[in-house]
Amino acid sequence: MDSIRTQVGIVGAGPAGLLLAHLLHLRGIDTVVVELRSRDYVERRIRAGVLEHGTVDLLREVGLADRLLRERMVHEGLELLFEGEAHRIPLTELAGRQITIYGQHELVKDLIAARLATGRPLHFEAGAVALSDLDSERPVVSCADLSLECDFVVGCDGSHGVSRPSIPDGVLTSYERDYPYAWLGILAEAPPSSEELIYAYHERGFALHSMRSPQITRLYLQVAPDEDVAQWPDERIWAELRTRLSRDSGFALADGPILEKGVTALRSSVVDPMRYGRLFLAGDAAHIVPATGAKGLNLAVADVSVLAAAFDRFYATGKQDLLDAYSDTCLHRVWRVQHFSWWMTSMLHRAPDADPFSHQLQLSQLRYVTSSRAAAASLAENYVGLPLPCLPGPSASAGSSAPDGFASPLSPPAPAPDQ
Ligand code: APR
Ligand code: PHB
């Protein structure tokens, strides 16, 4: 069994773990990343694909955005479709910021390539089986053939990892919400049928038209939590999408070969605190959001931007203040994002036991958010993403406090910087 000494042991090579490794590498902090799965598996895992403005700013700032900036699609708005009519929310006009469409697995490929280019350790198929001595000065990550002796451990191993369960009972408070529906998602070789994303509220359930490139679309249908994907042959999926995305003014949904399909549960979960001793949790290991707000990846990025600044300050000055503030700093944003994701989910899905009163409330909410500039601006501000608490650079070691990232809604939005 190899035993390696490192400053920060990172469990999981998803966006959270890989980006944290890169941010710490830029600050000369040594890390070792261990990942349960193979490189091929991690790079092929289809997930979401909406990046907030701040996420792209951070990736560009740390030299990880070359391919992203070349291949991405930039959107300045989205559509809400209900009662057969589409309503555009002008995100950039209202919030001064854009969103980027770029597949999460493409970003993971870029992050892996960047890690390998540094020559720093990234062990695939080396799942952590146990974390120990987390409340000592030398926590240990044990894998089958490898053990890491660390100053700190960061659990970036998602919602089914070993990090969170390694924390003794009674330390964490868990907040859970399961939604009575799921998403049937497809990746299709078909050109997008609209310039921007379409979120549809339909009596038969929610639907989402998204995309990956001018040749590839990503589409979702609300289904039952225990839906059997085998009951959804391709033609049934296209027929249902055509129905839920139809509008009075006419809309042709382009179809094509379905490359990938799967059912994803919708749930919200948060653990507090996001730390135990020398173990820190980041990304899905600490919180899950329903996909309706497109926030999962962006929240993981926000966590590690705060954590990187905190480690930088610790190793530069010996001060633990930002490490001690990490959990509260992140949870402030986590709950804002949880609320937005719950709100979008509740507004746009038909609950199986929905009574006519709830339906009218949802219609009223949709009519309000598409007719009131103030309400639309609130959606836009949350959707494009609140400024990241910490952007890289010298400030962290100079003791920057991590603000909660709220630009004052009363101040006019800053003009969209040319990215
Ligand atoms: N040891 C090592 N790695 C592990 C272990 C383990 N015991 N268990 C899980 N992992 C790995 C998984 O294989 C995965 O590659 O941890 C990684 C966690 O990555 P993600 O699930 O992508 O989580 P995160 O990096 O926090 O990114 C959050 O991912 O799931 C989406 O919607 C989510 O967009 C959000 C983003
Ligand atoms: C996606 O493109 O996969 C996507 C877009 C918006 C969402 C969720 C997923 O809200």
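**A Guided Look at a Predicted Model**

Good morning. I begin at P387, which counts as partly exposed, because its relative accessibility is 28%; in this scheme buried means under 20% relative accessible area, exposed means over 50%, and partly exposed is what lies in between, with a 1.4 Å probe and protein chains only. P387 belongs to the segment that follows α11 (373–384); helices here are DSSP runs of H or I with at least four residues, strands are runs of E with at least two, and both are numbered from the N terminus. Although P387 and T100 stand 287 residues apart in sequence, their C-alpha atoms are 15 Å apart in space.

A word on conventions. The model is a predicted one, in which local features need pLDDT of at least 70 and side-chain atom pairs count only at pLDDT 80 or more, while totals for chains, interfaces and linings use all residues; side-chain values rest on heavy atoms, leaving out hydrogens and water. Residue numbers run from 1 along each chain as its sequence is written, with chains lettered from A and ligands numbered from 1 in the order in which they are written.

Let us turn to ligand 1. Which residues come nearest to ligand 1? Of the 23 residues around it, these are E35, R45, R47, Q104 and A128, where a residue is near if one of its heavy atoms lies within 4 Å. By class, this shell around ligand 1 holds nine nonpolar, eight polar and six charged residues. Here Ala, Val, Leu, Ile, Met, Phe, Trp, Tyr, Cys and Pro count as nonpolar, Asp, Glu, Lys and Arg as charged, and the others, Gly among them, as polar.

A side-chain N or O atom of Q104 is 2.9 Å from an oxygen atom of ligand 1. From the backbone, an N or O atom of P15 lies 3.3 Å from a ligand 1 oxygen, and one of L297 lies 2.9 Å from a ligand 1 oxygen. On its own, ligand 1 has 700 Å² of accessible area, of which the protein covers 89%; such areas come from the Shrake-Rupley method with a 1.4 Å probe, and for residues only the protein chains shown count as cover. The elements giving two or more residues to this shell are α1 (15–26) and α8 (296–317).

The largest nonpolar core has 76 residues, and L19, V141, V154 and F311 have the most contacts inside it; a nonpolar core is a set of buried Ala, Val, Leu, Ile, Met, Phe, Trp, Tyr and Cys residues joined through side-chain atoms within 4.5 Å. Helix α8 supplies the largest share of this core, twelve residues. Apart from this core lies another, of 37 residues, including Y179, Y199, F340 and L363.

Y199 takes us to ligand 2. Of the 14 residues around ligand 2, Y199, S210, R212, Y220 and A291 come nearest. A polar side-chain atom of Y199 lies 2.7 Å from an oxygen atom of ligand 2, and the side chain of Y220 places an N or O atom 2.6 Å from a ligand 2 oxygen. Taken alone, ligand 2 exposes 280 Å², and the protein buries 99% of that. Strands β16 and β17 (217–223) are the elements that give two or more residues to the shell around ligand 2.

Strand β16, residues 207–211, also contains H209. Is H209 buried or exposed? It counts as buried, because its relative accessibility is 0%. The H209 side chain reaches the backbone nitrogen of S193 at 3.0 Å.

Finally, some backbone geometry. Most residues other than glycine have a negative phi, and most peptide bonds are trans. D272 and P273 are joined by a cis peptide bond, with omega about 0°; P273 sits in the loop between β18 (258–272) and β19 (275–276). D133, not a glycine, has a positive phi of about 50° and lies in the loop between β10 (128–132) and β11 (140–143). A294 likewise has a positive phi, near 55°, and occupies the loop between β21 (287–288) and α8. D133 is partly exposed, because its relative accessible area is 44%, whereas A294, at 13%, is buried.

Thank you for your attention.

Technical notes
A polar contact is a pair of N or O atoms within 3.5 Å; within protein, one must be able to donate a hydrogen and the other to accept it, and residues adjacent in sequence count only if both atoms are side-chain atoms.
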